[in-house]
Amino acid sequence: MQTQKTDWRAQAASMQFDGRAFIDGRRVGAQSGATFECLSPVDGRKLADAARCDAADVDAAVLAARAAFDDRRWAGLAPAARKRTLIRFADLILQHRDELALLETLDMGKPIRYSRSVDVPSTANCIRWYGEAVDKIYDEIAPTADTALALITREPVGVVAAIVPWNYPMIMAAWKIGPALAAGNSVVLKPSEKSPLSALRLAEIALEAGIPAGVFNVVPGYGHEAGSALALHMDVDCIGFTGSTKVGKLIMQYAGQSNLKRAWTELGGKSANIVCADCPDLDAAVRASIGAIYFNQGESCNAPSRLFVEESIKAQFLEKAVAMLPGFQPGDPLDESTVMGAIVDSIQLQTVLGYIESGQADGARLLSGGTRQRIESGGYYVAPTLFDGVNSSMKIAREEIFGPVLSVIGFTDLEHAIRQANATTYGLQAAVWTADINKAIRTARALRAGTVHVNSYDDDDITVPFGGVRQSGNGRDKSLHALDKYTELKTTWIKIA
């Protein structure tokens, strides 16, 4: 029986968008009445006017979150009760799969095939995983003399602020709100002004699932207005931020200037992918390297944008890589056959094109791409771009591009390749491809990154932590370790007479 294809264009044309904030269980406009336009990178059309929240709206959201936390309407529930509600939240996310996928695609440009098959299920899985985990985590009893009983317990920190980027709006939100809500906190989420719509809809779905009003609030707006107000707020106990290193440094400063709130950051990356001549499966290495850099239009903080290939196999590798690129040409994100969609907005488009120009000016050899595509659509598209002859001094090898641009660097000595891979301010992710397990282990240990893949790239899941070292941030999202960010340890020392 043949499955009928969804007419995503027709669904998009009939959708109604609500850009108002979600505070204390209700949709509200900004107190100032200000709005900003949500424009679709798919075709440049206006989707909605979103509430341009500022400090006054942040105050209202934090007040609602604090009231919800203090009266224990969520934090006071048994972990098993919170689990049931979070599982219901995850179930409802899947029930709204098509709607949420379409919001994600229209708002930030990724192909509908991935919004529906990756982003929505990953979001639901994250919420479900933390819901399932929270009633299986035990506190501790310290070893003491018979004259005392010492309890070491985890408690929610209180009001958590979360600021997430535009490249994976739902998934990044889930990575923050999943563990924060499971631990019993109240949350104020600020999505990127470039992609606020799916986060706002998630808040409504959370309320429907049974998360009480005030526990999960969403304030759309600009970073220098709503974002800074959250980071500086004296009644926010913790802030989790994913975004650029430049803004991450400001978040840390604001946390110190205000109430010394905990500040956790997941920032930029310039990830190195090292392919040795003894790679066990060259075709698999090519597929993973090309697929990972062009997935999500290259708009991933952990994209393997620096590809180190041993010289003896580089020509063969590049021949195979270039042959794959026609399959990654940008297309209509609402077409289910499209693999690479639109760049998020005109600003990012110009940034990516500027890096391509820089690579050519610095002497890198352009093997494919390098041009804007589908101009007639009104959207923002760039061809998958591949540079060879790159050296580590070039701008395209040093700076995070956040676009579909791959820089290939040859090497003859693995130790030298490792030194080049580590010669960056970042340290988010890396990979090495080799059939020699000893070489793999030595290289993985030498690479300064939060995650190192061996003979794969980006194959991990919710069970392992994600985050970086150096200027790629501090703290970890995903896994049980993420709960450390949103809980406080308390010691209760009981004297026994």
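Predicted model: local features only at pLDDT ≥ 70, side-chain atom pairs only at ≥ 80, totals over all residues.
Me: What is the bridge partner of Ile141 in β6?
Reply: Strand β5 runs antiparallel to β6 (residues 148-156), and two bridges join them. For Ile141, the bridge partner in β6 is Leu151.

Me: Which element supplies the largest share of the lining of the largest pocket?
Reply: This pocket has a volume of about 1100 Å³. Of its 37 lining residues, the closest to the centre include Trp166, Phe241 and Ser244. Helices α8 (223-232), α9 (245-257) and α12 (346-361), along with strand β10 (238-242), each supply at least two lining residues. The largest share, six residues, comes from α9.

Me: How many residues does α5 give to the lining of the second largest pocket?
Reply: Here the space is about 450 Å³. Among the 20 lining residues, those closest to the centre are Ile171, Trp175, Asp458, Asp460 and Lys478. Two elements give two or more residues to this lining, α5 (112-133) and α6 (169-182). The one that gives the most is α5, and its number of residues is four.

Me: How many charged residues are in the lining of the largest pocket?
Reply: Sorting this lining by class gives 17 nonpolar and 13 polar residues. The remaining class is the charged one, and its count is seven.

Technical notes:
Residues numbered from 1 in each chain as written. Heavy atoms only, no water. Pairing = 2+ DSSP bridges. 1 Å grid on protein atoms, 1.4 Å probe; cavity = no way out; pocket = protein on both sides within 12 Å on 5 of 7 lines; lining within 4 Å. Points joined across faces, edges and corners; volume = space filled by probe spheres on them. Nonpolar A, V, L, I, M, F, W, Y, C, P; charged D, E, K, R; others polar.
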